[in-house]
Amino acid sequence: MRGDPTTYGNEAAPRGALQRTRRSGPTARADLTDTGGGPPIAADVRADLLRQTQELAQEVARLKALAVAFERWHQDMISLMSQNRDMRGLGEDVASIVKQLIMLSLNAAIEAARAGESARGFVVVAAEVRSLSLRAQTLSKDLGKNLHRSDLTTTATFQDIQAGGKLMLAAISGLESMVRQLRARIE
Amino acid sequence: MLSEQTKQNIEQAFHRSLRASLVRAPDDVCAIAPASGPGPGGQPGEILLVVTISSFVFRLLTLFQVGADPATRAYYVSGAQQSLDEAFREFANMCCGALNRELAEQIPHLAMSIPYTLSSQCLAYLGELRPSFLSSSAVTINDSVRLHVTLCMCCSAAVDFVASAPPVAETTAGELEMF
């Protein structure tokens, strides 16, 4: 995998893209300002380079507004995580009610059986209630599992966005610094 | 996306960060043994702390499953007012910080999230994240504090990582690796 252009990591020197650009920076700068003993760069070429560098700096400054978008996503994710927490609480309440329902339906079935022939109809009703409460229990367990699954995927996404935001802003800052250096060199 | 060597190197880097960060005193003994998967989960009071290290092409979730047994509480919780969750966050953060630094020596553009607490029952759904690499270990400190740690790495491009420290000899399954 090493040497594969799509492979990430194991750089010959630390810190990838920006540093790679930085490593190539001196060569690029040489192309701009060092004419290798030839005639100096024409004033109009220099002015054009400065204008392009200025445009680049403005674009990088605009990119920094990404921080606002990251903050918005961050707030939305916090809200989503909070909703998940509330849903988990509701799910636990439902599970507790279902547990009590199962006990009640079991007691009802026992009482109906004790009452004998006169409560035959009630036996059927108690059995139906028990069957329904057992189905509710299965659904409640499935809901709990889904909430755990949702918690994990939401948290993983939340943390990825959080860390991703940090690394993108760091990359933009690096770019900003490089543009500043380039501009100073041209001037 | 990940060679066996890279998986092994990342796991070893994680083990180094565990040894360096999960102990309270330098002479405490931290033993790490491979585990077939995360602990059973769902024990009363047990917490699951998650911290993610992200790059543009992968995310690496580190999951710390910490039991609320008296030995673990006594080791990590320093004051009566502090919860196990609060206390362990600091250790998880330091551990991932150490791993992040080691990975950043070779892998550009890395950043780390803040720790977040989940139910340990969430561990059953790690497959939902479609990981390229999953690895679990049982950690024992001073023969009394026991926790489970899991690495879950999801890649969207090939990643290569070479260990920067000399590799530590892995023990055979079931034996503890003493440091």
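User: In which loop of chain B is H109(B) found?
Analyst: This is a predicted model, and its chain B has helices as well as strands. H109(B) is found in the stretch that separates a helix from a strand, namely the loop between α3 (84–104) and β4 (111–112) of chain B.

User: Is H109(B) buried or exposed?
Analyst: A residue needs 20 or more other C-beta atoms within 10 Å to count as buried. H109(B) has 22 C-beta neighbours inside 10 Å, so H109(B) counts as buried.

User: What is the phi of H109(B)?
Analyst: H109(B) is not a glycine.

User: Where does D143(B) lie, and is D143(B) buried or exposed?
Analyst: D143(B) also has a positive phi, of about 60°, although it is not a glycine. D143(B) lies in the loop between β6 (133–141) and β7 of chain B.

User: How many helices and strands are in chain B, and what pattern does chain B follow?
Analyst: Chain B contains 3 helices and 7 strands. Read along the sequence, the chain follows the pattern α-β-β-β-α-α-β-β-β-β.

User: How many residues of strand β3 of chain B are buried?
Analyst: Strand β3 of chain B spans residues 58–66 and is mostly covered. The count of buried residues in β3(B) is 9 of 9.

User: Which residues of β3(B) point the other way from F58(B)?
Analyst: In a regular strand the side chains alternate between the two faces of the sheet. In β3(B), F58(B), L60(B), T62(B), F64(B) and V66(B) point one way, and all are buried. Pointing the other way, and also buried, are R59(B), L61(B), L63(B) and Q65(B).

User: What share of the residues is buried in chain A, and what share in chain B?
Analyst: Chain A has 4 helices and 0 strands, and its elements run α-α-α-α from the N terminus on. Buried residues make up 11% of the 187 residues in chain A. For the 179 residues of chain B, the share is 45%.

User: How are α2(A) and α4(A) directed relative to each other?
Analyst: Helix α2 of chain A spans residues 43–63 and helix α4 of chain A spans residues 120–186; their axes come within 10 Å and cross at roughly 160°. An angle over 145 degrees counts as roughly antiparallel. The crossing is left-handed. The two helices are therefore roughly antiparallel to each other.

User: How many nonpolar, polar and charged residues are in the contact of α2(A) with α4(A)?
Analyst: On the α2(A) side the residues that meet α4(A) include L49(A), L50(A) and L56(A), and on the α4(A) side I172(A), L175(A) and V179(A) are among them. By class, the contact has 11 nonpolar, 1 polar and 3 charged residues.

User: Which residues does Q162(A) touch, leaving out those up to four places away in sequence?
Analyst: Q162(A) lies in helix α4 of chain A and counts as buried because it has 20 C-beta neighbours inside 10 Å. The residues touched are H74(A), S113(B) and I114(B).

User: Is R85(A) buried or exposed?
Analyst: R85(A) is found in helix α3 (residues 66–115) of chain A. Its C-alpha atom and that of V125(A), 40 residues apart along the chain, are separated by 36 Å. R85(A) has 12 other C-beta atoms within 10 Å and is therefore exposed.

Methods
Residues are numbered from 1 along each chain as its sequence is written. Chains are lettered from A and ligands numbered from 1 in the order in which they are written. This is a predicted model: local features need pLDDT of at least 70, side-chain atom pairs count only at pLDDT 80 or more; totals for chains, interfaces and linings use all residues. Axes are lines fitted to C-alpha atoms, for helices over the stretch in contact, and angles run from 0 to 180 degrees between N-to-C directions. Angles under 35 degrees count as roughly parallel, over 145 as roughly antiparallel, 65 to 115 as roughly perpendicular and the rest as oblique. A crossing is left-handed if the near helix is turned anticlockwise from the far one by less than a right angle, and right-handed if clockwise. Two residues are in contact if their C-beta atoms, placed from the backbone, lie within 7 Å. Ala, Val, Leu, Ile, Met, Phe, Trp, Tyr, Cys and Pro count as nonpolar, Asp, Glu, Lys and Arg as charged, and the others, Gly among them, as polar.
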